Amino acid sequence: MSYEEILTRYEPVIGLETHVELGTATKMFCGCKTDFGAEPNTQVCPVCLALPGALPVMNRAAIEATIRIGLALNCDIAEWCRMARKNYFYPDMPKNFQTSQYDEPLCVDGYVDVEVDGVTHRIGIERVHIEEDTGKTLHVGGATGRIHGATESLVDYNRAGIPLVEIVTKPVPGLGGLAPEIAKAYVAELRDIIRSLGVSDVRMEQGSMRCDVNTSLNRPGEEWGTRTETKNVNSLRSVERAVRSEIIRQSAILDDGGKIHQETRHFHEDRGDTSPGRSKETATDYRYFPEPDLVPIAPDPAWVATLKAALPEKPSAKRARLREEWGITELDMQSVANAGAVEIIEETIAAGASPAGARKWWMGELARRANELNVELTAVGATPAQVAALQKLVDEGKLNDKLARTVLEGVVAGEGDPAEVMAARGLEVVNDTGALTAAVDEAIAANPDIAAKIRDGKIAAAGALVGAVMKTTRGQADAKTVRELLLERLGVS
Amino acid sequence: MSDLTRLSAADLASLIAKREVSAVEVATAHLDRIAAVDDRVHAFLHVDRAGALEAAAAVDRGEITGPLAGVPIAVKDVVTTKGVPTTAASKILEGWKPPYDATIVERLKKAGMPILGKTNMDEFAMGSSTEYSAYGPTNNPWDLGRIPGGSGGGSAAALAAYEAPLAIGTDTGGSIRQPGAVTGTVGAKPTYGGTSRYGLIAFSSSLDTPGPCARTVEDTALLHAVIAGHDPRDSTSIDKPVPDVVRAAQLGKSGDLSGVKLGVVKEFSGDGSEPGVAAAFKDSLEALVKLGAEVVEVSCPHFEYALPAYYLIAPSECSSNLARFDGVRYGLRAGDDGNRSLEEVMSLTREAGFGPEVKRRIIIGTYALSSGYYDAYYGQAQKVRTLITRDFQSAFEKVDVLVSPTTPFVAFPFGSRTSDPYQMYLADLFTIPTNLYGGPAISVPCGLSEGLPVGFQIMAPTLADDRMYRVAAALESAVGTFTPPAL
């Protein structure tokens, strides 16, 4: 059954729940640091370890970040709301309850406009609330790395108490076959909005942004179907694949007259499909109740207004403006945004590079390197000013493309600015005509047959001799100059 | 000095300040008294002789001065003390040494008050007799065959047995006031949020209130002033000046209550109290009228629902607060034989570590918060709480303070109320409404019934803690203090 054919008989309804780890300097309820990758259990205190008697105190920066996210998603900000306890036992949760929000979220009723193929789709936002992250459990000794069959469980509480924001969409019907693509575009837009606020590094691969995808199918004109909740969706591509695979899986069951069970499913990146997790019928009763250890949150409306007025330019508006300025296609702009390179390319242009030059380095060599090292572009080892300087050397003819790549290697290795690396490594293009002429004469002497052909007017054969010269000069010559010189020496220019 | 343990905290502080006696001598006298009598009283779960003497020596070296510098104190074992065992009288925390001090303990140390040790209590502060301590009950110095009240029976008994001049208690439903009443000592529950909960092992977060215990009203006020005040580490702590309770106590001592209106709660004056308790209360009221007070009967129609509302709210919060005791990070771990699953170990730890009353309340609370029951139980109880608060507010439009017996009955014999939890819960009938409202209340000894002490409770509006001290001090000046028979 083809995907297109399925969509003639079923209408999907999707919903997304996205968790974003806030980049606050300290945890949500204590002063512990939130640095990623610290030694296990070194960023902990009585509060985030839930020692007897310890009490939480709300981090104002986390509230502010949540309100700013809410405002950027066009939400109403509650004038009064409370935290709630979500009670369940798990060893990576020190209190055996998670301090979260339940029926009184901080931000409600917003939307995000998502553009796909030139058409804008409005995705409703049900709520944005704040909660705390849990610790991390490592199960040792089992075959699967999961708790069943493990001989030992190790817990790292460094992450416990880091503030998380949960963003829940309203159910989105009416997208038809575009549902997977729009789901992906929504998460990308959300990521760009949050990144523009500077409140999180929103890196799906590091888990600072996580997504759960709800999908249901119904026949046209009928009520919405039973939904499943797919977890472990850890990249933009997976968001799209997860929705598509659920549409296909559910349609096959419905075609056979079967029923969809409300359940949690796990997405498998390698296979591109989902497998069942916990069934909702056996789900925990979380026994939510208002958190008595924390006073209600009552943000001053004047403060909220100030935060609203200070929101940055919307990523969609900014992208449209830059696309115009840079003279690139929407597709190219989308890849720049997906690579998280908008700001850094902007800065490189401000430092003097041409839009094409700036984009070439950041989306090419440097993006590749960032990917290899699994770091942000900002942490790749080159600054916008250095990239601009590198491009200037190319534009001035002091470096050719190949040499520039080598110089860039030196820059990211910390050898200095491009000019310094070029000088230190002796990589400047050889423009010394005397030295080049000698190399050209040498190539002519070594290849008399080819030289004869060129003299006879077969100019296309010049490539081979240019190659030979480039070889003897170890690539440091400018190919165009070599070619001109060669033709001149052979008397055909 | 003949017997330092018989002196008030105010007198001890004055003698130490004048260097007529050293803080080390005072601490030693109390530590010796503990060594002599505590095998019979069992007020202490842990005595920190070395720590107390070291703190006293620092006062003698002149490193710390202040109104109570050098006066030793006993701390209820539900409050964390750095490096000193803190168990909440539970097996689940046996031997646990906290890595940090509670805010109120920090304040005691800063005030130069040597901590003698940790006092016995009902496990996790759940009970009215100390019979639910995992380490055996405390015996009432008035009659060693009777309960000292609870949950803070250890702190109250330590005062009555002259083992300590001052003690810290915590009051969730009456755990400071009822033990004070049945041991002939004074105990005050400050306004909720007036004293920091940071470092108080939580039973019911919205009700728990640490407070001062002593043998005189003035001593209680002096201790109140040391521990009260805003704490940024407790979100529910009130960021407002502490009422001048010491001055109020001194004012009351003069014995003049002209213009003070006392409200007698109509709903408490039925046949809830033992005859001896009712009689002592009536005599005390008359004594207060002689000092110039006016007595007005006020109705608080929702007080009759206070007990059931409390036994939904407190267990609900406790079921969540006590979830952290799972054997993973600290305290007891049971059944971890290498074959059992994590879940089984957590379950076995809680099975082995908690006593019957704690389990009963966890189960009640878990049920009350369950999906489908929440509105009928927890939700309804919160509505009752609001109505009780309104009862207090409208009463305080007519009167300055409300008064009642602290508890309906005098110290009862061990084992007489453990078979029926409800009979035990009745001990807090008169104290619980205040906790639901959040206001301050104090219990002060007002007489004897068949040779056992009776407590008089004074309840004041939130943040008017000074009012109750004034009336309490006046009553004390009229009826005197009560000394138990020699041990």
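Predicted model: local features only at pLDDT ≥ 70, side-chain atom pairs only at ≥ 80, totals over all residues.
1. Set aside its neighbours within four places in sequence, and I73(B) is in contact with L108(B), M113(B), I115(B), L116(B), A164(B), L166(B), A167(B) and I168(B).

2. Where does I73(B) sit? It belongs to the largest nonpolar core, which has 233 residues. Within that core, I73(B) and I458(B) touch the most other members. As background, nonpolar side chains tend to be buried together in soluble globular proteins.

3. Now look at a sheet in chain A. It is open, has 3 strands and runs in the order β4-β3-β14, with antiparallel pairing. Which strands are at the edges? They are β4 (97-100) and β14 (289-290) of chain A, and each pairs on one side only.

4. Follow one pairing in that sheet. Strand β3 of chain A covers residues 84-87 and pairs with β14(A) over 2 bridges, in the antiparallel sense. A84(A) has P290(A), in β14(A), as its bridge partner. In general, strands of a sheet pair through backbone hydrogen bonds, either parallel or antiparallel.

5. Turn to the contact between the chains. Chain B gives 34 residues and chain A gives 27 residues. On the side of chain B that touches chain A, the elements giving two or more residues are α10 (306-321) and α11 (342-353) of chain B.

6. What kinds of residues make up the side of chain B that touches chain A? They divide into 16 nonpolar, 11 polar and 7 charged.

Technical notes:
Residues numbered from 1 in each chain as written. Chains lettered and ligands numbered in written order. Core = buried A, V, L, I, M, F, W, Y, C linked by C-beta atoms within 7 Å. Buried ≥ 20, exposed ≤ 12 C-beta atoms within 10 Å, placed from the backbone. Contact = placed C-beta atoms within 7 Å. Pairing = 2+ DSSP bridges. Helix = DSSP H or I, 4+ residues; strand = E, 2+ residues; numbered from the N terminus. Nonpolar A, V, L, I, M, F, W, Y, C, P; charged D, E, K, R; others polar.
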